[in-house]
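This report describes the fold of a protein chain and the surroundings of its ligands. Please consult the sequence and structure below while reading.

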Amino acid sequence: MPDNNDPIDRTGLRKDYWKRFPLADLPLHEWEALCDGCGRCCLLKLEDEDTGEVAYTNIGCRLFDDATCRCGNYALRKQLVKGCVIVRPDTLEQIVEWMPRTCAYRLLSEGKPLPDWHPLISGDPDSVREAGISMQGKTVAEFDIDEDDWPNHVIKGML
Ligand code: SF4
Ligand code: SF4
């Protein structure tokens, strides 16, 4: 529970809370504020059946909106896309391995700091795009790509 004496900034977040409190103890709004909105976790991934190795593609999930870099139906995402994983403290352990290496949830769970371009550090949501991390305008739609062609859309450097 947040301490009532803890200073809160104008966005309702406690100062440097991600450095001071365990992820599992964060209230929902602070947990959600860790997401930089990069859209990387909404890209389709391919898993090698033999090695279990996961590769990211530049293909957005069917609900991903490339123009806004947001989920097209965040509230109903799990009902509409079976494979969508809700990132929460109780799911993080199972999924963290294949979350993008830049994702705040992954970084913090590995004991790493947030990068300078993260909005909680920069104070500017646009810094994610300026740093080249955002997938806005960089994806192709799932329905436009034949499944056989998915391997040709693999992108490196995400994990
Ligand atoms: S990869 Fe992490 S930071 Fe980026 S959109 Fe997904 S949950 Fe948010
Ligand atoms: S359903 Fe929405 S949140 Fe889930 S992967 Fe697709 S675009 Fe992302």
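What percentage of the contacts in the protein chain with a separation of 6 or more is accounted for by residues 24 or more positions apart? The share is 53%. The model under discussion is predicted.

## Overall fold

The protein chain contains 7 helices and 6 strands. Along the sequence these elements are arranged in the pattern α-α-β-β-β-β-α-α-α-α-α-β-β.

Taken along the principal axes, the C-alpha atoms fill a box of roughly 55 × 30 × 30 Å. Buried residues make up 21% of the 159 in the protein chain.

## Ligand surroundings

Around ligand 1 there are 13 residues, of which Cys-35, Cys-38, Arg-40, Cys-41 and Cys-103 come nearest. The shell of ligand 1 comprises 9 nonpolar, 2 polar and 2 charged residues.

Ligand 2 is surrounded by Cys-42, Cys-61, Leu-63, Phe-64, Cys-71, Arg-77, Val-81 and Cys-84. By class, this shell holds 7 nonpolar residues, no polar residues and 1 charged residue.

## Cys-42

Cys-42, one of the residues around ligand 2, lies in the loop between α2 (28-33) and β1 (43-47). Cys-42 counts as buried because 23 other C-beta atoms lie within 10 Å, the threshold being 20 or more.

Leaving aside residues up to four places away in sequence, Cys-42 touches Gly-60, Cys-61, Phe-64 and Cys-71. Ile-59 is 17 residues from Cys-42 along the chain, and their C-alpha atoms are separated by 8.6 Å.

Note on methods: Residues numbered from 1 in each chain as written. Chains lettered and ligands numbered in written order. Predicted model: local features only at pLDDT ≥ 70, side-chain atom pairs only at ≥ 80, totals over all residues. Near = placed C-beta within 6 Å. Nonpolar A, V, L, I, M, F, W, Y, C, P; charged D, E, K, R; others polar. Helix = DSSP H or I, 4+ residues; strand = E, 2+ residues; numbered from the N terminus. Buried ≥ 20, exposed ≤ 12 C-beta atoms within 10 Å, placed from the backbone. Contact = placed C-beta atoms within 7 Å.
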